[in-house]
Amino acid sequence: MSSRGGLTYSCFGGARSRQSPRWPGSPAARSPMQSAPSATGPSRTVTVRPQPKWVAANIRSETVPILGSVTCHSVMLPQLRAALTEISQRGLAAEIDPNDYGGCYVPRFIGHDPSRGLSLHTWGIAIDLNVSTNQRGIPGEIDRDVVAIFKKWGFAWGGDWEWTDPMHFELAALIR
Ligand SMILES: [Zn+2]
């Protein structure tokens with residue numbers, strides 16, 4: 001679970017059957033499962049702690065439209081900014097609630113279960129929006145024009161998964 005502003009959410013952030021995005025120099029391409037994050041602690045409180053050196057080299061906090069300050073992988077930030085800019089320009093900013101933002105860089109296992117692999121949030125390449133009305137297993141209320149704009153900017157949407165995760169958008173392609 002993660003908490004932000006007192007809000008608890010349960011996005012699990014991925015399914016093992018899907019392939020992770022890959023790009024030159026990406027953490028995924030360098031098998032970070034072994035090299036970057038590491039699991040510690042007893043089984044019921046397992047946490048993921050990426051190596052500080054990797055975090056310093058890849059994770060950035062920047063201000064973006066609608067959401068304000070976000071902390072994500074540097075590779076994702078330009079596309080996130082582009083998507084949110086377009087959403088604003090098309091008059092859809094009110095469809096994303098900055099107070100219902102679930103985070104981007106949040107190191108964790110999928111469902112906090114080590115057997116299910118690492119969530120893409122561990123690499124800061126996924127973001128959760130409008131958490132309270134877009135929980136797992138439901139169609140979700142997030143505006144479908146917002147979804148379409150995210151897809152245009154290279155994001156895959158969790159609402160398309162068999163077990164839906166409509167709050168979740170993850171980097172699936174690099175738009176250059
Ligand atoms: Zn997510």
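Which residue in β9 does alanine 156 stand opposite? The residue is glutamate 170. This pair belongs to a predicted model, in which the chain has 4 helices and 9 strands. The briefing below takes up the chain as a whole, then an open sheet, then a hairpin, and finally the confidence of the prediction.

**The chain as a whole**

- The chain comprises 176 residues, and 38% of them count as buried.
- Read from the N terminus, its elements follow the order β-β-α-β-β-α-β-β-α-β-α-β-β.
- When contacts between residues at least 6 apart in sequence are considered, 59% of them join residues at least 24 apart.

**The open sheet of β7, β9 and β8**

- An open sheet is formed by 3 strands in the order β7-β9-β8, with antiparallel pairing.
- Strands β7 (126–128) and β8 (155–157) stand at the edges; each has a single partner strand, so one side of each is left without a neighbour in the sheet.
- From one strand to the next, the twist averages 25 degrees.
- Strand β9 covers residues 168–171 and is joined to β8 by 3 bridges, the two strands running antiparallel.
- It is across these two strands that alanine 156 stands opposite glutamate 170 of β9.
- Helix α4, made up of residues 144–152, lies across β8 and β9. Its direction is at about 140 degrees to that of β8.

- Strand β5 (residues 59–64) pairs with strand β6 (residues 68–73) in the antiparallel sense, over 6 bridges.
- Within this pairing, serine 61 has threonine 71 in β6 as its bridge partner.
- The two strands form a hairpin, with 3 residues between them.
- In the turn, isoleucine 66 has a positive phi of about 70 degrees.
- As a general point for viewing such elements, side chains in a regular strand alternate between the two faces of the sheet.

**Confidence of the prediction**

- The mean pLDDT of the chain is 83, and 74% of the residues reach 70 or more.
- Over residues 1–10, pLDDT stays under 50, and the model has 19 contacts beyond four places in sequence for this stretch.
- Over residues 14–38, pLDDT also stays under 50, and here the model has 35 contacts beyond four places in sequence.
- Where pLDDT is low, the predicted coordinates should not be read in detail.

Definitions and conventions. Residues numbered from 1 in each chain as written. Predicted model: local features only at pLDDT ≥ 70, side-chain atom pairs only at ≥ 80, totals over all residues. Pairing = 2+ DSSP bridges. Buried ≥ 20, exposed ≤ 12 C-beta atoms within 10 Å, placed from the backbone. Contact = placed C-beta atoms within 7 Å. Axes fitted to C-alpha atoms, helices over the stretch in contact; angles between N-to-C directions. pLDDT = per-residue confidence, 0-100.
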